[in-house]
Amino acid sequence: MSSVSDALSSMMGNNQVNDAAKTKKTTQKTTKEYGKTFGDVELSDKAKDYYKELRQKYSDMDFVIVSKDKKEEAKANLQNFGNANKMVVVIGEDEVEAMANDQSMRNKYEGIIEMARQASSTLGKAAEGNSDIISYGITTDKDGNTSFFAVMNKANQSASEKTAEIREKRKEREKEAEKIEERRSAKTEAEEKRRVSKEDTEVLTSSTLEGLLKKINDFTIQKRTANVETDEEKMLGRSIDFSI
């Protein structure tokens, strides 16, 4: 399995993070104008109007818009963008600008988003039946390349209840965030609380839904297998052989 960085290098662009960005980690924010953002997003008036229409059109999906200079950082932190209850679309501000100004680009990207919407039902059912799936979503780039992703819980099988707890807390904090959108300090705190530790998660990616479902299945089988002890392992350190 390739790393998240390798899998998304072509999709999120090759913009380099400057020294200042490296010393200060960007957090996902919720703004009144753009909804969920990563980085300092600034769209033209035309793109602002279009993006508002896009989010309304696909109100059953969760959008995160990424500033041009934060794509490298975003691709390395997908575990913070997922939603346990609906498909997330992670999209760059330059892609939105292109959609607002070019009908062919608009048709292209909205076709991708429609495909993601159809896949959402399948991934939602998979999440309901697999507590290791914390969240899921899709990314796209200026060339129309897409990647489905799923954030998986790496904790031991006995800790799967913790995953469900994370999902519930995410929903609660999203509701809270909606109520305090205009209070920046409170928003930032809420977003920080929603961040998921990289050490406890693994991000699976694939250019196809089928590929992602297979990776999810393989991940779950491997995790379950790793947690199964043999009879000898279960007795190790718990008994003394008096026959010697």
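Two strands are taken to pair if DSSP finds at least two bridges between them; strands (E, at least two residues) and helices (H or I, at least four) are DSSP runs, numbered from the N terminus. With that convention, select F63, which stands opposite V89 in β4.

This is a predicted model, in which local features need pLDDT of at least 70 and side-chain atom pairs count only at pLDDT 80 or more, while totals for chains, interfaces and linings use all residues. Residues are numbered from 1 along each chain as its sequence is written, and side-chain values use heavy atoms, with hydrogens and water left out.

**The whole chain**

Of its 244 residues, 46% are buried (under 20% relative accessible area with a 1.4 Å probe, protein chains only; exposed is over 50%, and partly exposed lies in between). A contact means heavy atoms within 4.5 Å. Among contacts between residues at least 6 apart in sequence, 74% join residues at least 24 apart.

**The sheet**

Next, select the seven strands. They form an open sheet in the order β1-β2-β3-β4-β5-β6-β7, with mixed pairing. At the edges are β1 (28-31) and β7 (201-206), each pairing on one side only. From one strand to the next, the twist averages 30 degrees; axes are lines fitted to C-alpha atoms, for helices over the stretch in contact, and angles run from 0 to 180 degrees between N-to-C directions.

**Strand β4 and its neighbours**

Select residues 88-92. Strand β4 is largely enclosed by the rest of the structure, because five of its five residues are buried. V88, V90 and G92 point one way, and V89 and I91 the other. On one flank, β3 (residues 62-66) pairs with β4 in the parallel sense over five bridges. Strand β5 (residues 133-140) also runs parallel to β4, joined by three bridges, and here V89 stands opposite I138.

**Strands β5 and β6**

Now select β5, which is mostly covered: eight of its eight residues are buried. Seven bridges join β5 to β6 (residues 146-153), and these two strands run antiparallel. To follow the pairing, pick T140, whose bridge partner is T146, and then I133, which stands opposite M152. The two strands form a hairpin with five residues between them, and G144 in the turn has a positive phi of about 85 degrees.

**Helices across the sheet**

Select residues 45-57, helix α3, which lies across β2 (35-38) and β3 and runs at about 155 degrees to β3.

Finish with residues 103-129, helix α6. Its 27 residues reach 39 Å from first to last C-alpha, close to the 39 Å expected at 1.5 Å a residue; the expected span is 1.5 Å times one less than the number of residues. Helix α6 lies across β3, β4, β5 and β6, at about 170 degrees to β5. Where does α6 bend by about 30 degrees? The bend is at A119, given as the angle between axes fitted to the seven residues ending there and the seven starting there. A119 is among the buried residues of α6, which also include M105, Y109, I113 and L123.
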